[in-house]
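Trainee: I would like to learn how to read this structure. Please take me through the features one at a time.

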Amino acid sequence: GPAGPAGAALEGRPGGFSCLPEGMGENPPRGAGRLARARTAQAATAALLPFVPTLELRSTYRDDPPFYFGPDLPADDTRERAVDYSAGVRWLTSFGTRLAAEVLTHQTLTGMPYLGDGASMALSVTQPLLEGAGRAGAAVFADEAAAEVRVERARFRSALDALLAEVDEAYWTLAFAEADLAIAGRSLERAKQQFEDTRENIRRGILAESEIYIVEENVVFFDQQRLAAEERLELARRGLARRLQLEPGAALVAADALDWPDTALPAPEAAVKEALAHNPDVRVAALTLEKQRLQVAGAENALLPRLDAEGRVSSSGLGDPSAAWSDVAGADRPAARVGLTLSLPLDLDADRAALAQARIEARRLAVELEQVRRRVRFEIHDGLTRLRGLLDRLALAKRRGELAELKLQAERDKYESGLATLADVVRFQRDVDTAAIDLLRVQTERRTAWSRLLQSQGVLCETLGVELR
């Protein structure tokens with residue numbers, strides 16, 4: 001893990017990476033994805049604005065000429081001056097129903113109050129029966145906004161899985177570079193010791209002077225290996241630091257060993273089934289198609305004629321406000337009406353084109369969904385094939401290392417008996433180091449291949465204990 005509190009170990013998780021940064025929330029790809037999720041969530045809430053009930057309060061002062069006519073016009077103070085007060089609530093539901101409730105008071109200040117003073121209360125409802133009815137007609141845009149939230153969440157999950165897989169690969173690359181440098185360092189120290197021993201034996205006359213070239217070349221070779229290993233380690237540390245949003249010079253050290261106990265591979269059919277159910281790329285494609293189908297439903301609704309059923313009930317009263325409201329409360333003057341309104345567009349070409357466009361896009365997205373599913377199937381089968389091959393190669397790499405050690409020991413015994421040359425011993429020592437590095441490389445590939453398989457299955461987050469909220 002990184003020096004300091006920037007990371008936490010996740011041990012005992014097959015194929016899981018061992019460095020989970022606490023600062024991952026500040027990672028630019030994940031931070032941008034989180035902001036996109038927040039934006040779509042706010043857009044989904046904002047889409048509900050038309051369905052928020054609205055309160056309307058109104059007051060009106062009127063100054064009109066007299067209501068009656070005659071040869072002698074009345075004086076100015078007999079003009080009709082009045083005030084109106086009203087309060088109402090209007091509400092559009094997500095199924096297209098429009099509800100309204102209103103109370104009104106009319107009071108004459110000058111003129112003839114008996115002609116207009118009064119109060120009323122009314123309730124009305126309008127319900128589209130064809131176009132504009134149902135969620136596909138009235139709330140399709142809100143359903144699309146909610147669907148976009150689900151799409152963006154799946155996109156965020158896909159980006160998060162990719163980031164986790166990258167961090168995992170960078171971590172095990174660091175672990176490999178550390179082990180590689182340790183082997184190169186031990187080999188160099190051993191070569192230097194052989195060089196000193198050979199020089200001493202030459203000084204004593206035990207070995208010919210030409211033997212020094214063999215061991216010196218061995219020192220130069222392993223010094224080159226050490227320098228290359230140091231460079232790879234520095235690059236591996238910087239690669240992991242970049243993904244963890246740390247400074248380039250952060251002193252990162254791998255905490256887990258590359259070796260890993262055998263883990264049974266899932267059956268191909270089960271792995272594919274899980275991937276098709278949980279892979280975030282599949283979910284993005286499926287949810288995008290679902291959103292487009294909502295647009296198709298909305299376009300189909302727009303082709304229908306407009307047929308609205310209307311109903312209204314009211315109660316009214318006349319006279320001064322107290323008497324008028326007494327009549328309203330007693331429903332002394334009730335009224336009711338119902339009706340139907342039909343409206344037909346004279347040209348449907350634009351609506352038909354919009355519907356055709358929406359259906360074509362839905363078919364295109366369905367093809368894309370099938371392509372994504374097909375790609376994921378191949379990813380699963382390829383990942384399992386790669387892991388099976390790595391398991392076989394791992395067993396062979398272990399055996400090769402054991403044989404290289406046995407060969408080296410046998411050659412040393414032959415050298416001490418005078419039956420082998422120093423060059424043979426040096427060559428076999430290099431074989432031991434090469435076998436050890438090849439084993440580390442196979443172990444590293446196995447670690448990262450397992451994480452890539454989990455990513456394709458869409459369960460990498462859960463395996464690593466990362467919760468998406």
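Mentor: Begin with strand pairing: two strands pair if DSSP finds at least two bridges between them. Helices (H or I, at least four residues) and strands (E, at least two) are DSSP runs, numbered from the N terminus. This is a predicted model, in which local features need pLDDT of at least 70, side-chain atom pairs count only at pLDDT 80 or more, and totals for chains, interfaces and linings use all residues. Residues are numbered from 1 along each chain as its sequence is written, and side-chain values use heavy atoms, with hydrogens and water left out.

Trainee: Which residue stands opposite Ser 314 in E8?

Mentor: Ala 335 does. Strands E7 (residues 306–318) and E8 (residues 334–343) pair in the antiparallel sense over ten bridges. Ser 314 in E7 also stands opposite Ala 122. E6 and E7 pair in the antiparallel sense too, over eleven bridges. In total, the chain has ten helices and eight strands.

Trainee: Where is confidence lowest in the chain, and where is it highest?

Mentor: The term to know is pLDDT, the predictor's confidence in each residue, from 0 to 100. Its mean is lowest in strand E1 (residues 7–8), at 32, and highest in helix H6 (residues 280–302), at 95. The mean for the chain is 86, with 89% of its residues at 70 or more. Over residues 1–18 pLDDT stays under 50. Where pLDDT is low, the predicted coordinates should not be read in detail.

Trainee: Is Ala 82 buried or exposed?

Mentor: Buried means under 20% relative accessible area, exposed over 50%, and partly exposed in between (1.4 Å probe, protein chains only). Ala 82 counts as buried because its relative accessibility is 5%. It is found in strand E4 (residues 80–92). Of the 469 residues in the chain, 37% are buried.

Trainee: What is Ala 82 in contact with, leaving aside its neighbours within four places in sequence?

Mentor: Contact means heavy atoms within 4.5 Å. For Ala 82 the list includes Thr 60, Tyr 61, Arg 62 and His 106. Ala 82 and Arg 62 are 20 residues apart in sequence, yet 5.1 Å apart in space, C-alpha to C-alpha. Another case is Thr 448, in helix H9 (residues 422–457). Thr 448 is buried at 15% relative accessible area and touches Asp 168, Glu 169 and Trp 172, not counting residues up to four places away in sequence.

Trainee: How many salt bridges does the structure hold?

Mentor: Side chains of opposite charge can pair when their charged atoms come close. A salt bridge is a side-chain nitrogen of Lys or Arg within 4 Å of a carboxyl oxygen of Asp or Glu. The structure holds 36 of them. In one, the side chains of Arg 157 and Glu 462 meet at 2.7 Å, N to O. That pair links distant parts of the chain, with Arg 157 in helix H3 (residues 140–204) and Glu 462 in helix H10 (residues 460–464), 305 residues apart. Arg 157 is buried, at 13% relative accessible area, whereas Glu 462 is partly exposed, at 48%.

Trainee: Which residue forms a salt bridge with Asp 180?

Mentor: Arg 232 does, with the closest N and O atoms 2.6 Å apart. Arg 232 lies in helix H4 (residues 211–243) and Asp 180 in helix H3, so the pair ties together parts 52 residues apart in sequence. Asp 180 is buried, with a relative accessible area of 4%. Salt bridges also link Glu 148, Glu 152, Arg 155 and Lys 291 in a network.
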